[in-house]
Amino acid sequence: MRLDVERFSLSFVRYDGVLRQRSIQVLHDLTFQLEGGEVLALVGVSGAGKSLLAHALFGILPPNARSAGSLRFDGVPLDDATLPNFRGRHMGLVPQSISHLDPLARCGRQLAWAAERSNLRLTKAQLAERLSTFNLPRTVAHNFPHQLSGGMARRLMLAMATVGQPQLIVADEPTSGLDPKNAENILRTLRGMADAGCGVLLITHDLVQSVPYADRVAILNSGRLVGMETARSFSGAGDELTGDYARALWRAAPQNAFTPEGPIDA
Amino acid sequence: MTFWSIHIATRLVRLALVLAAVAVLSFALAKSSPVDPVNAYLGADIARAGPEQRALIAARWGLDQPVPAQFFHWLGNMLVGELGYSMTYNAPVIDVIATRFRTSLPLMGLAWLFSGIVGFALGILAGSRPDSWVDRGIRLYAYVLASAPTFWIAILLLTVFSVGLGWTPVCCAGPIGVVPEEVTWLQSLHHLILPLAALSVLGVAQIALHTRAKMVEVMQSDFALYARAQGASRREIAIRHGARNAAIPALTVLFASLGELFGGSILAEQVFAYPGLGRATVEAGIRGDVPLLLALALFFSFFVFTGNAIADIVYRVVDPRMDGKLLR
């Protein structure tokens, strides 16, 4: 599996008044590759446009979005014609929050729907087995989403995203709002999937937390890719890092020799 | 469950208060209206009765007593189930309401059911593709119908289907000259079609617009977006997620619309001369049949209250997020 993002830009068209259109660019000229077997962490502060890239990959952007450049999966451009064959089957999305689960449908049923959408029909036993793979008790199938804890909901969404055995997994902030133990659990699962041959695009705002599980780290700032580093170089004072922004970000973490530049009491 | 018993007890107390308020208000209105029960009773014989005779009738009925005394006398009778005697139909009020209700029940029940089913389906269809031509068409239909008076629609239907095309009968619940007991169910159905259409059409617009609004919201929700990312089609999302989530508000509106159904039935039944509760209300009003009018006011209040109470309860039972609990 190979994902190619080439000179990808994204903008939104808004009406300014009645007739004048204004275009707001949110992603600028992104270029990177992701191969099977690796975890690429896409790190950026909120508002950097990380989730938009995920939505663009799955073709679920709002109608007023305009994109340029190309997204290719194993060389095939991802567009409205090809995406129906890829979504769910070759690429799975782990969404950001519990609001991505239908509040009125039982969890087991939602997992079965996800399977169906990947052309799989799961028996009750297979469903239970899927759940236990992600450390979810069998009873979860009968629960509604609001009855799950944050960690359980995230694991359920992970189970839904991977039920169709996709080669590419895009996880959009899979650890936000989770305690360290649950977050580690999710990240370890994603790492395991990469080790089994999948490509994992890990979208996160937490650099320090994701570094131990990633192979490479891409840093996004205001819609631009400002650095591509190996995860290994995020160590010590970050002297091995190639980009200034990456180094500043790494050093900004309290445990990594944080030194504020310039006087604080300006 | 104590939670439920407390809830039901509160509802019953409220129902009693509402009915008491309606009783006081409608009695006061009847008293201050120009309707004179003695005149209504005498009817065409009014010229032949002298003042002494009128005074005798008034005294016999207790109309010479102060108004509060009259009210409590009437209320006491109501409480023991003595609803009075209808001069219009020359039968006890309780019998009039019972027979009329039996005629109205299929009309109102079916209209209620149809407007629920058709309205929900149209709302799902429109809301799943907002601003498509299907949506525009359904919305136009709903707005036109929601703003068109029932009696006008009824007259229009009558003009087209009964007078112009001759497909449906012009009036009544059965063929003219046939006693109600001998009307076959096919004939009943034939006579029911137009009033039913007129009455359903009104409810459809309401439910369709409410369902559409919820559908638009659902189709933009995170879980609809996620379903798309899993490879679901728009149609699948509309049916699996949309219909599921839009059902609760639709049910609530449907139960809450019982009151409008009664209002609509008064107009529809009047136009089609359909001998149901609605027409009885108009007759009672025109002929000054005070006992029947007051009893109908209480009867309608009871139904509207019940509809609203069910609307209030139903979404708490249906929505799993409420865990069957009642917020109060």
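A:Asn221 touches A:Val226 and A:Tyr245 when residues up to four places away in sequence are not counted, where contact means heavy atoms within 4.5 Å. The model is a predicted one, in which local features need pLDDT of at least 70, side-chain atom pairs count only at pLDDT 80 or more, and totals for chains, interfaces and linings use all residues; side-chain values use heavy atoms, with hydrogens and water left out. Residues are numbered from 1 along each chain as its sequence is written, and chains are lettered from A and ligands numbered from 1 in the order in which they are written.

- A:Asn221 belongs to strand S9 (residues 216-221) of chain A; helices (H or I, at least four residues) and strands (E, at least two) are DSSP runs, numbered from the N terminus.
- A:Asn221 is partly exposed because its relative accessible area is 22%; buried means under 20%, exposed over 50%, and partly exposed in between (1.4 Å probe, protein chains only).
- The side chains of A:Asn221 and A:Tyr245 make a polar contact at 3.4 Å. A polar contact is a pair of N or O atoms within 3.5 Å; within protein, one must be able to donate a hydrogen and the other to accept it, and residues adjacent in sequence count only if both atoms are side-chain atoms.
- From A:Asn221 to A:Gln126 the separation is 95 residues in sequence and 42 Å in space, C-alpha to C-alpha.

**Surroundings of B:Ser104**

- B:Ser104 lies in helix H5 (residues 93-128) of chain B, and it counts as buried because its relative accessibility is 0%.
- A polar atom of the B:Ser104 side chain is 2.8 Å from the backbone nitrogen of B:Leu277.
- Apart from neighbours within four places in sequence, B:Ser104 contacts B:Glu269, B:Gly276, B:Leu277 and B:Gly278.

**Domains of chain A**

- Chain A is assigned domain 1 (35-67 + 84-90 + 166-265) and domain 2 (97-165), with bounds that come from an automatic or database domain assignment.
- The centres of domain 1 of chain A and domain 2 of chain A, taken over C-alpha atoms, are 25 Å apart.
- Contact between them involves 16 residues of domain 1 of chain A and 13 residues of domain 2 of chain A.
- Domain 1 of chain A and domain 2 of chain A bury about 1,100 Å² between them, with 57% of it on carbon and sulfur atoms. Buried area is the accessible area (1.4 Å probe) that two parts lose on being put together, summed over both.
- A:Arg89, A:Pro166 and A:Ile186 supply 40% of the area that domain 1 of chain A buries against domain 2 of chain A, more than any other three residues.
- Six residue pairs (both at pLDDT 80 or more) are in polar contact across this domain interface, whereas the salt-bridge count there is zero.
- Helix H6 (residues 180-195) of chain A gives the largest share of the side of domain 1 of chain A that touches domain 2 of chain A, namely six residues.

**Interface of chain B and chain A**

- The contact takes 20 residues from chain B and 28 residues from chain A.
- About 2,200 Å² is buried between chain B and chain A, 55% of it on carbon and sulfur atoms.
- Two salt bridges are counted between chain B and chain A; a salt bridge is a side-chain nitrogen of Lys or Arg within 4 Å of a carboxyl oxygen of Asp or Glu.
- The side chains of B:Glu236 and A:Arg117 form a salt bridge (2.7 Å, N to O).
- Between chain B and chain A, 12 residue pairs (both at pLDDT 80 or more) are in polar contact.
- H9(B) provides the largest share of the side of chain B that touches chain A, seven residues.

**Salt bridges within chains**

- The count over all chains comes to 21 salt bridges.
- A:Asp215 and A:Arg191 join their side chains in a salt bridge (3.1 Å, N to O).
- A:Asp215 lies in the loop between helix H7 (207-210) and S9 of chain A and A:Arg191 in helix H6 of chain A, so the pair ties together parts that are 24 residues apart in sequence.
- A:Asp215 is partly exposed at 30% relative accessibility, whereas A:Arg191 is buried with a relative accessible area of 16%.
- B:Lys214 and B:Glu217 form a salt bridge whose closest N and O atoms are 3.3 Å apart.
- B:Lys214 and B:Glu217 are separated by about one helical turn because they are three residues apart in helix H8 (residues 185-219) of chain B.
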